[in-house]
Amino acid sequence: MVLGAVSGLTYVNIVLVIIIAAYFIYELYSYIRRRQVSTMLDEAEFQAGMRKAQVIDLREKKDFDAGHILGARNIPFNSLKVRMGELRKDMPIYVYDQTHTLSTRAVVTLAKNGYSQLYILKPGYARWEGKTKKAKY
């Protein structure tokens with residue numbers, strides 16, 4: 001009976017190892033893909049170039065209204081494919097979200113659709129120290 005319990009635990013351990021390995025492989029793939037299609041910018045670099053770029057906040061509208069980078073436009077990630085026609089291909093696109101998880105997925109989507117000058121705010125909005133704006137209501 002102990003032998004059956006040990007082999008059951010072994011199966012659980014194998015499944016857990018497979019899940020953890022799959023997670024790390026996905027993270028590695030995301031990192032490589034992000035590096036291929038975009039450039040990560042720290043806050044100073046982001047602020048220096050954002051006046052000549054399209055700054056896109058990928059968070060949901062309620063988060064955008066609670067506070068966003070001054071001059072940013074809100075295009076939530078879940079509606080990016082529908083609204084990407086609003087973006088110009090001849091200008092740089094600076095994207096950000098709370099960290100940079102959605103930004104990675106967004107730049108891959110944009111790159112697949114012919115956009116080339118793509119930049120991500122490395123620390124994300126959570127650590128933004130620059131000027132912000134909040135909705136009045």
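1. A salt bridge is counted here when a side-chain nitrogen of Lys or Arg lies within 4 Å of a carboxyl oxygen of Asp or Glu. On that criterion, the count between domain 1 and domain 2 is zero. The model is a predicted one.

2. The two parts in question are domain 1, residues 6-35, and domain 2, residues 37-131. Their C-alpha centres are 30 Å apart. Contact between them involves five residues of domain 1 and nine residues of domain 2.

3. How much area do domain 1 and domain 2 bury between them? The value is about 570 Å², with 54% of it on carbon and sulfur atoms. On the domain 1 side, Arg33, Arg34 and Arg35 account for 89% of the area buried against domain 2, more than any other three residues.

4. The side of domain 1 that touches domain 2 is made up of one nonpolar, one polar and three charged residues. Although no salt bridge is counted between the domains, four residue pairs are in polar contact, with both residues at pLDDT 80 or more.

5. The largest pocket holds about 250 Å³ of space. Its lining consists of Gln47, Met50, Arg51, Ala53, Val55, Ile69, Leu70, Gly71, Trp128, Gly130 and Lys131. By class, the lining of this pocket divides into six nonpolar, three polar and two charged residues.

6. Which residues line the second largest pocket? They are Tyr26, Glu27, Ser30, Tyr31, Arg34, Thr99, His100, Thr101, Thr104 and Arg105. The space in this second largest pocket comes to about 160 Å³. Arg34 of this lining is also one of the three arginines named above for the area that domain 1 buries against domain 2.

How values were computed:
Residues numbered from 1 in each chain as written. Predicted model: local features only at pLDDT ≥ 70, side-chain atom pairs only at ≥ 80, totals over all residues. Heavy atoms only, no water. Domains from an automatic or database assignment. Contact = heavy atoms within 4.5 Å. Buried area = accessible area lost by both parts, 1.4 Å probe. Polar contact = N/O pair within 3.5 Å; in protein donor to acceptor, adjacent residues only side chain to side chain. Nonpolar A, V, L, I, M, F, W, Y, C, P; charged D, E, K, R; others polar. 1 Å grid on protein atoms, 1.4 Å probe; cavity = no way out; pocket = protein on both sides within 12 Å on 5 of 7 lines; lining within 4 Å. Points joined across faces, edges and corners; volume = space filled by probe spheres on them.
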